[in-house]
Amino acid sequence: MTIDLNIKVGGAAGQGLQTTGIALAKTLKKSGFHIFATQYYFSRVRGGHNTFKIRISDSPIAAMNENVDLLLALDSESIDRHLSELSDGVVVVDADVVKVNSSSESIFHVPMLEIAKEVCGDKIYSNSVSMGAVIGLLCLDMSNLEGILKASFKKKGEEIIQKNINAARAGYDYVKTNYPGGCKFSVNESGEKEKLMLISGNEAVGLGALAAGVQFLAAYPMTPSTGVMTYVAANADKFNVVVEQAEDEIAALNMVLGASYAGARSMTTTSGGGFALMTEALGLAGMTETPAVIFLCQRPGPATGLPTMTEQGDLQFVLTAAQGEFPRCILAPGTPEECFYLTAEAFNIADKYQIPVFVLSDQYLADSLFTCKRFDPSKITVERHLLSDSELRTKKEDYKRYKITPLGISPRALPGQEGVLVLSDSDEHDEFGHICEDAENRIKMNDKRMKKLELLRDEISVAKIYGDLDAAISLVGWGSTYGPLAEVVDILKAQGKSVNLVHFTHIHPLPVEATRKLFSKAKKTVCVENNSTGQFAHHLKLETDVKLTETILRYDGKPFSPEFIIAALKEKEVI
């Protein structure tokens with residue numbers, strides 16, 4: 001890549017960081033750059049030190065690094081904390097409003113408040129002034145920012161649109177007049193702009209659910225999962241989806257099971273604390289063999305934990321949640337593309353095997369914005385695995401909802417279909433669905449359910465390798481660590497190191513022999529996870545008997561950066 005710039009907006013909650021950051025990200029994407037944007041914020045309405053960071057490049061990017069080239073400081077704490085992160089950058093600050101404790105030559109004063117009052121008569125336009133100043137320092141044209149402001153304030157009318165454009169233009173002109181040379185960075189817009197989307201992980205999951213034909217979604221809002229529910233709800237009328245905000249998480253999953261029992265493709269969304277309440281219903285799904293898709297977006301626990309930050313700390317919980325033994329499937333996307341396609345796959349797996357399927361994400365993936373190519377809905381298939389009315393009419397024997405078959409999967413009819421009686425029971429039951437506590441029946445039914453897990457294990461996708469197949473060092477990751485790990489591989493390969501990435505998206509069950517082969521050549525294997533105990537490394541050992549040589553763990557609520565991982569690899573003398 002020839003362009004690699006990082007813009008950080010720093011300030012307190014309530015100062016409009018997210019609005020400013022998203023508008024800048026959209027503007028830069030419209031200018032033809034690849035974008036990765038993420039935010040670090042505390043769980044409060046006002047106060048706390050928050051940041052919104054945007055990385056721009058002329059090549060695809062999927063991670064944030066630790067450099068800062070342009071700091072838009074909305075308070076003095078932002079300068080105190082982040083000035084040292086700049087090497088040859090610039091800090092944009094309204095020194096009339098923000099106390100500046102440094103005499104650094106990087107600091108560039110833009111009187112945002114004064115300009116906003118002069119141009120628009122109101123200080124609330126200060127953020128638009130700041131956006132214009134940033135675009136000016138990047139040596140870019142104003143037209144794309146004006147287009148974004150028009151779209152953003154469309155509902156507020158022409159007067160508001162024009163005032164924001166005037167404010168941004170004034171900030172832009174101030175830079176051109178007062179910054180030495182007229183601007184700071186030479187980043188030319190791409191001549192041929194790719195048709196890229198700017199999308200978050202949560203939006204991609206919601207889009208995947210709609211593409212898969214979701215018909216019912218019930219959830220109780222909980223950060224950071226709520227974005228999926230709101231995305232599906234916003235598009236519910238177009239796709240004929242019923243979205244229900246349940247009174248709590250217990251009700252949400254039970255509603256999903258009821259809808260699924262009746263034949264609707266159904267899902268719920270939650271985070272760890274909410275899922276803790278769902279576990280009894282999860283057991284009901286296991287016993288009644290009712291398909292369900294559960295989107296679980298991880299954040300640090302226990303209890304409320306760090307509600308707006310990230311962690312991969314719920315894997316072992318999801319693997320064992322609920323009473324008894326029953327099959328389940330866990331998928332963990334690492335990119336927006338995987339969010340889209342794996343969510344759709346989750347519905348097909350749930351319907352085929354009649355089991356609960358988890359889409360396990362985390363705050364970092366959920367809230368980050370990525371540029372990526374448009375998803376291809378033609379690659380999505382809807383596979384319901386339901387008995388048709390004509391199939392039922394030709395059946396010679398009475399219908400058995402839990403018929404014991406060689407594969408453990410019983411033919412599934414829906415309540416109300418002609419000529420069949422569909423029974424379910426949360427107690428142990430016989431093939432018809434009647435309660436049955438006979439010991440011999442218990443063993444048969446338990447074996448029938450667990451057979452599905454082994455069948456799924458044989459069919460599920462193996463981990464993908466990024467880099468050389470026969471590398472001496474294998475970095476191992478799952479879910480959202482894909483982006484920073486892939487960049488580490490690129491950096492180390494450019495330095496002549498023999499390294500690859502083994503990235504898991506299909507977490508449970510694992511295909512045993514195929515997974516073992518992935519590690520047959522590497523001399524060093526390093527699992528990189530956002531938790532304190534190496535939960536996936538333990539799972540890998542238990543499922544496949546593959547023991548990794550090292551772990552790099554982070555559990556401070558922050559995601560990995562390439563620099564963090566490389567420093568840890570050096571500290572552990574892996575490289």
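Let me start with a term: buried means under 20% relative accessible area, exposed means over 50%, and partly exposed is in between. Keep that in mind. One caution as well: this is a predicted model.

Rings to begin with. The count of aromatic pairs comes to 14. Take phenylalanine 275 and phenylalanine 358. Their rings pair edge-to-face, 5.3 Å centre to centre, with 90 degrees between the planes. Where do these two sit? Phenylalanine 275 is in helix H11, residues 272-288, and phenylalanine 358 is in strand S13, residues 356-362, so the pair ties together parts 83 residues apart in sequence. Buried or exposed? Phenylalanine 275 is buried, at 0% relative accessibility. Phenylalanine 358 is buried too, with a relative accessible area of 0%.

Next, phenylalanine 560 and phenylalanine 564. This pair is also edge-to-face: 5.5 Å centre to centre, 70 degrees between the planes. Phenylalanine 560 is at 2% relative accessibility, so it counts as buried. Phenylalanine 564 is at 27%. That falls between 20% and 50%, so phenylalanine 564 counts as partly exposed.

Ring pairs join Phe36, Tyr364 and Phe370.

Now charges over rings. Arginine 328 lies over the face of phenylalanine 326, 4.4 Å from the ring centre. Lysine 558 places its charged end over the ring of tyrosine 40, 5.4 Å from the centre.

On to helix packing. Look at H5, residues 143-152, and H6, residues 158-178. Their axes are 9 Å apart, and the angle is about 150 degrees. The cut-off for roughly antiparallel is over 145 degrees. H5 and H6 are therefore roughly antiparallel to each other. The crossing of H5 past H6 is right-handed. Which residues meet? From H5, we have Leu145, Glu146, Leu149 and Lys150; from H6, Ile161, Asn164, Ile165, Ala168 and Arg169.

Last stop: methionine 445. You will find it in helix H16, residues 439-459. Its relative accessibility is 0%, so methionine 445 counts as buried. What does methionine 445 contact, leaving aside neighbours within four places in sequence? The list is Tyr402, Ile404, Glu428, His429 and Asp430. Pick out glutamate 428.

To recap two points. Phenylalanine 275 and phenylalanine 358 tie H11 to S13. H5 and H6 run roughly antiparallel. Thanks, everyone.

Note on methods
Residues numbered from 1 in each chain as written. Predicted model: local features only at pLDDT ≥ 70, side-chain atom pairs only at ≥ 80, totals over all residues. Heavy atoms only, no water. Phe/Tyr/Trp six-rings, centres within 6.5 Å; stacked < 30°, edge-to-face > 60°. Helix = DSSP H or I, 4+ residues; strand = E, 2+ residues; numbered from the N terminus. Buried < 20%, exposed > 50% of the residue type's maximum accessible area, 1.4 Å probe, protein only. Lys NZ or Arg CZ within 6 Å of the ring centre and 35° of its normal. Axes fitted to C-alpha atoms, helices over the stretch in contact; angles between N-to-C directions. Parallel < 35°, antiparallel > 145°, perpendicular 65-115°, else oblique. Left-handed = near helix turned anticlockwise from the far one by under 90°. Contact = heavy atoms within 4.5 Å.
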